[in-house]
Amino acid sequence: MTAPFGQRLADAVAARGPLCVGIDPHAGLLHRWGLADDVDGLRRFTDAVVDALAGEVAVLKPQSAFYERHGSRGLAVLEDAVARARAAGALVLLDAKRGDIGSTMDAYADVLRPDHPCAVDALTVSPYLGPGSLQPAVDTARLSGGGLFVLARTSNPDAATLQSAAVGERSVAQVVVDTVRGWNTPGWVVGDPLPDLGAVQDLGSRWGAGTGSFGVVVGATLPRLDVDLDGLGGPVLAPGLGAQGGTPADLRRLFGTGRAVVPTVSRDVLAAGPDPVALRAAAARWAQEPGG
């Protein structure tokens, strides 16, 4: 059986460092590379990024919207890129932010199945319909050895409108974090009381065998960390480095140095293309930054 995503992620981080590079082929970036905003440009861009980085970084994170906008031919480019990236040793996190209920959520999660045409290692999901709505994806992830990153406390300007709203004595974001902590606790299911923090506080607090397969997305540009991540048991995906203003110092300020954090950078690496040497050098600079 496939090793659980948390274990594979910890192994990849040990071998390559924790950096995740986003693959975001939007029209402006294609033009900057001298490529047309069409399927051929999309393919040439994606091939260049995968060829340069899939053997270097721990995680590649293609944004599905930039492939979906080109229709079925764009999705074919994505499928090919995912397969080649995984063959080169990178884990692939599909940034799709899926969220629904029942059979629809189950269908979204099919990309975690190893026999799917676009089989990936992990998927970003949205909990807006309630934590229980994601249970089909949790079940699929457990069966397939896949992982999930759940939007919890993002740093876009108006995120706090919903994420900081109170649910009893907790914020919405904290409810999400606590639910994911439960998923990383053996035997816990939605509806059960949350597990005792003292029993799980060491799980996944650092990279290693105890890293869970279920993580949260917490922005790297937050002014302060206003959710309690203790005992999460899984990794934190921290987008926002580089062009969005986040720095390695922000990672240390928000998360300290003892937590399983996957820092994410996109534009500051992709802007170095299309030269593969320049792409690798840009990724290496971020990987070597203290806290990066």
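## The largest pocket

The largest pocket in this predicted model has a lining of 25 residues, and K61, K97, P239, G240 and Q244 are the ones that lie nearest its centre. The largest share comes from β9, which supplies four residues.

The volume of the largest pocket is about 540 Å³. Sorted by class, its lining holds twelve polar residues, seven nonpolar residues and six charged residues. The general idea behind such a search is simple: rolling a probe the size of a water molecule over the atoms shows where empty space is left.

Which feature does UniProt place at K97? The UniProt record, an unreviewed entry, gives "active site" for K97. K97 is also one of the residues that lie nearest the centre of the largest pocket.

Is K97 buried, partly exposed or exposed? The relative accessible area of K97 is 38%, so K97 counts as partly exposed. Setting aside residues up to four places away in sequence, K97 touches Q63, T124, V125, S126 and L151.

## Aromatic pairs

A search of the whole structure finds three aromatic pairs. A pair of aromatic rings is described by the distance of the centres and the angle of the planes. Two of the pairs are described here.

W33 and F45 form a tilted pair, with 4.3 Å from centre to centre and 45° between the planes. W33 sits in the loop between α2 (27–32) and α3 (39–53), while F45 belongs to helix α3, so this pair ties together parts that are twelve residues apart in sequence. Both W33 and F45 are buried.

W183 and F214 form an edge-to-face pair, at 5.7 Å centre to centre and with 70° between the planes. This pair links distant parts of the chain: W183 is in helix α9 (residues 172–183) and F214 is in strand β8 (residues 214–218), 31 residues apart. W183 counts as buried because its relative accessibility is 4%. F214 also has a relative accessibility of 4% and therefore counts as buried.

## D250 in helix α11

D250 is part of helix α11, which covers residues 248–255. With a relative accessible area of 15%, D250 is buried, since buried means under 20%.

What does D250 touch, not counting residues up to four places away in sequence? Its contacts of this kind are with A220 and G245.

## A159 in a loop

Where is A159 found? A159 lies in the loop between β5 (147–153) and α8 (160–163). The relative accessible area of A159 is 6%, which means that A159 is buried. Leaving aside neighbours within four places in sequence, A159 is in contact with R153 and T154.

A159 can also be placed relative to R267. The two residues are 108 residues apart in sequence, and the distance between A159 and R267 in space is 22 Å, C-alpha to C-alpha.

Note on methods. Residues numbered from 1 in each chain as written. Predicted model: local features only at pLDDT ≥ 70, side-chain atom pairs only at ≥ 80, totals over all residues. Heavy atoms only, no water. 1 Å grid on protein atoms, 1.4 Å probe; cavity = no way out; pocket = protein on both sides within 12 Å on 5 of 7 lines; lining within 4 Å. Points joined across faces, edges and corners; volume = space filled by probe spheres on them. Helix = DSSP H or I, 4+ residues; strand = E, 2+ residues; numbered from the N terminus. Nonpolar A, V, L, I, M, F, W, Y, C, P; charged D, E, K, R; others polar. Phe/Tyr/Trp six-rings, centres within 6.5 Å; stacked < 30°, edge-to-face > 60°. Buried < 20%, exposed > 50% of the residue type's maximum accessible area, 1.4 Å probe, protein only. Contact = heavy atoms within 4.5 Å. UniProt positions renumbered as here; feature names shortened; annotations may be inferred.
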